[in-house]
Amino acid sequence: MDFVFDRTAEGRSLKCLTIVDDATHEAVAVEVERAISGHGVARVLDRLALSRGLPQIIRSDNGKEFCGKAMLEWAHRRGVQLRLIEPGKPNQNAYIESFNGRLRDECLNEHWFPNLLQARAVIETWRCEYNQERPKKALGGMTPEAYAKHLAEVRLQ
């Protein structure tokens, strides 16, 4: 998990919570809000858990939203390990940093968002395209979504 920041046309902030699955390279979520607290991050993770289950480990930086009381309690109650990278070492969370760079270059820098709702719609469209239409060499030429389905089928066998 990580955050990417941007602004709408009227100058108001956008805070994008990016969540990527390291195994499948899927962009699990890009939650776009004006502000997201630790409680907000926990709510997003609970919502995602309904469809995907809980992760065993979540890696993030040391932002207050990720290492504050709300997230520590959330992780403890659900048996999820929080792995915080060392301050100033974004390479320890390299895949999310790479993903965030793509999000910025291909979506945020290419669009001028008049408002929060427009930003959410455009970013979600980009996220779906990223998962469904972009084959990755590291995944044997499969898209992240196809690779996730393949892994799920292998686990069932």
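First, a cut-off: I call a residue buried when its relative accessible area is under 20%. I also note that this is a predicted model.

**Entry 1: Arg127.** I located Arg127 in helix 5. Is Arg127 buried or exposed? Its relative accessibility is 13%, so I count Arg127 as buried. Leaving out residues up to four places away in sequence, I find Arg127 touching Ala27, Val28, Ala29 and Val30.

**Entry 2: the largest nonpolar core.** I listed 20 residues in the largest nonpolar core. Which of them touch the most other members? They are Val30, Val32, Phe99, Leu103, Phe113 and Ile123. I then checked which elements supply at least two residues of this core: strand 2 (13-20), strand 3 (27-33), helix 4 (94-106) and helix 5 (116-133) each do. Helix 5 gives the most, with six residues. Apart from this core I found another, of 18 residues, with Ala42, Val44, Leu48 and Ala75 among them.

Not counting residues up to four places away in sequence, Val32 touches Leu14, Lys15, Cys16, Leu116, Ala119, Arg120 and Ile123.

**Entry 3: helix 3.** I looked at residues 69-78, which form helix 3. Ala70, Met71, Trp74 and Ala75 are buried there. Seen down the helix axis, the buried residues of helix 3 fall within an arc of 125°, so they line one face. On the other side of helix 3, I find Lys69, His76 and Arg77 exposed. What do the buried residues of helix 3 pack against? I get helix 1 (38-52), strand 4 (57-60), helix 2 (64-67) and strand 5 (81-84). Just after helix 3, I noted a positive phi of about 70° at Gly79.

**Entry 4: Asp2.** I placed Asp2 in strand 1, residues 2-7. Asp2 is buried, yet I find no salt bridge for it. How far away is the nearest side chain of opposite charge? That side chain is Lys15, 9.6 Å away. I did find a polar contact of 3.1 Å between the side chains of Asp2 and Asn100. Leaving aside neighbours within four places in sequence, I list Cys16, Leu17, Thr18, Asp61, Phe66, Ile96, Glu97 and Asn100 in contact with Asp2.

Key
Residues numbered from 1 in each chain as written. Predicted model: local features only at pLDDT ≥ 70, side-chain atom pairs only at ≥ 80, totals over all residues. Heavy atoms only, no water. Helix = DSSP H or I, 4+ residues; strand = E, 2+ residues; numbered from the N terminus. Buried < 20%, exposed > 50% of the residue type's maximum accessible area, 1.4 Å probe, protein only. Lys, Arg positive; Asp, Glu negative; His and termini not counted. Salt bridge = Lys/Arg side-chain N within 4 Å of Asp/Glu carboxyl O. Polar contact = N/O pair within 3.5 Å; in protein donor to acceptor, adjacent residues only side chain to side chain. Contact = heavy atoms within 4.5 Å. Core = buried A, V, L, I, M, F, W, Y, C linked by side-chain atoms within 4.5 Å. Arc of directions from axis to C-beta.
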